Amino acid sequence: MKVLSIGNSFSQDSHKWLHKLAVKNGVELETVNLNIGGCSLETHWNNVAENNESYFLDVCGDTAERKNSIIEALRLEKWDIITVQQVSDLSGVYKSYEPYLTLLVDTVRKECPDAKIYFHQTWAYEIDSKHGGFVKYNNSQAEMYRCIVETSEKAAQSINAELIPTGKAIQTLRNEVPEFDYKNGGVSLCRDGFHLSLDYGRFAAAATWLHTICGVTVKADSFEDFNPILLKKILDVVNKL
């Protein structure tokens with residue numbers, strides 16, 4: 001299975017462990033992420049219109065040197081799955097999505113008519129995040145999460161796409177697993193208040209993607225040097241999504 005994401009650093013977080021976790025679960029999965037940090041749907045569409053070669057190509061979790069355009073990447077392989085998403089601080093602001101989401105997805109379907117489209121639901125910032133965009137949600141993680149859920153579901157429906165519920169997975173872990181209850185002394189699933197932590201945050205995202213796009217019950221008794229008890233708790237949440 002070949003997966004292409006038109007994204008940014010948030011899809012980069014989700015892709016980091018995806019290929020390796022797929023291998024561990026006996027799934028043949030090639031993952032490619034088109035990455036411009038902080039890239040919005042509006043910028044993605046402008047880059048399509050101008051055919052800008054502005055994207056780093058992250059292949060199976062590692063970054064290649066040369067840059068690509070979106071059109072070039074769409075023609076690179078026969079993609080099975082293509083994902084799209086909004087930049088994190090606008091993910092809960094639906095008026096920022098159109099007409100760019102529809103224009104982008106129309107282009108994707110024209111170039112890759114056999115590919116299945118998914119919309120990637122990103123996550124709310126940490127409760128003490130210093131990201132400038134947090135003010136759009138009154139610096140409230142709960143409000144940001146609510147807006148993201150409502151907006152991502154509406155966006156996915158508007159383009160007839162399925163949803164990858166990474167945001168739901170991260171918030172559920174925060175709310176239900178004491179070790180990740182940051183406000184009460186647990187470990188944050190973010191490394192800087194908005195990007196995912198390099199270990200459990202990225203692992204949870206990868207597991208959510210694998211479970212959603214491949215329909216498998218994700219297993220991992222061990223992974224890197226991560227705590228196996230925490231791995232099990234993450235997978236117990238993800239596999240119920």
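A crossing of two helices is termed left-handed if the near helix is turned anticlockwise from the far one by less than a right angle, and right-handed if clockwise. In the predicted model examined here, helix H3 (residues 41-50) passes helix H5 (residues 100-111) in a left-handed crossing. The axes of H3 and H5 come within 9 Å and cross at roughly 45°, which makes H3 oblique to H5. The contact is formed by Leu41, Glu42, His44, Trp45 and Val48 on the H3 side and by Tyr100, Leu101, Leu103, Leu104 and Thr107 on the H5 side, and by class these residues divide into seven nonpolar, two polar and one charged.

A right-handed crossing is found where H8 passes H9, the axes of H8 and H9 (residues 228-238) coming within 10 Å and crossing at roughly 35°. From H8, Tyr200, Phe203, Ala204, Ala207, Thr208 and His211 take part in the contact, and from H9, Leu230, Leu231, Ile234, Leu235 and Val238; nine of these residues are nonpolar and two are polar, with no charged residues.

The loop between helix H7 (166-176) and helix H8 (200-214) contains Ser188, which is counted as buried because its relative accessible area of 14% falls under the 20% limit. The side chain of Ser188 makes a polar contact with the side chain of Glu126 at 2.6 Å, while a polar atom of the Ser188 side chain lies 3.0 Å from the backbone nitrogen of Cys190. When neighbours within four places in sequence are left aside, Ser188 is in contact with Glu126, Tyr182 and Ser197.

Conventions: Residues numbered from 1 in each chain as written. Predicted model: local features only at pLDDT ≥ 70, side-chain atom pairs only at ≥ 80, totals over all residues. Heavy atoms only, no water. Helix = DSSP H or I, 4+ residues; strand = E, 2+ residues; numbered from the N terminus. Buried < 20%, exposed > 50% of the residue type's maximum accessible area, 1.4 Å probe, protein only. Polar contact = N/O pair within 3.5 Å; in protein donor to acceptor, adjacent residues only side chain to side chain. Contact = heavy atoms within 4.5 Å. Axes fitted to C-alpha atoms, helices over the stretch in contact; angles between N-to-C directions. Nonpolar A, V, L, I, M, F, W, Y, C, P; charged D, E, K, R; others polar. Parallel < 35°, antiparallel > 145°, perpendicular 65-115°, else oblique.
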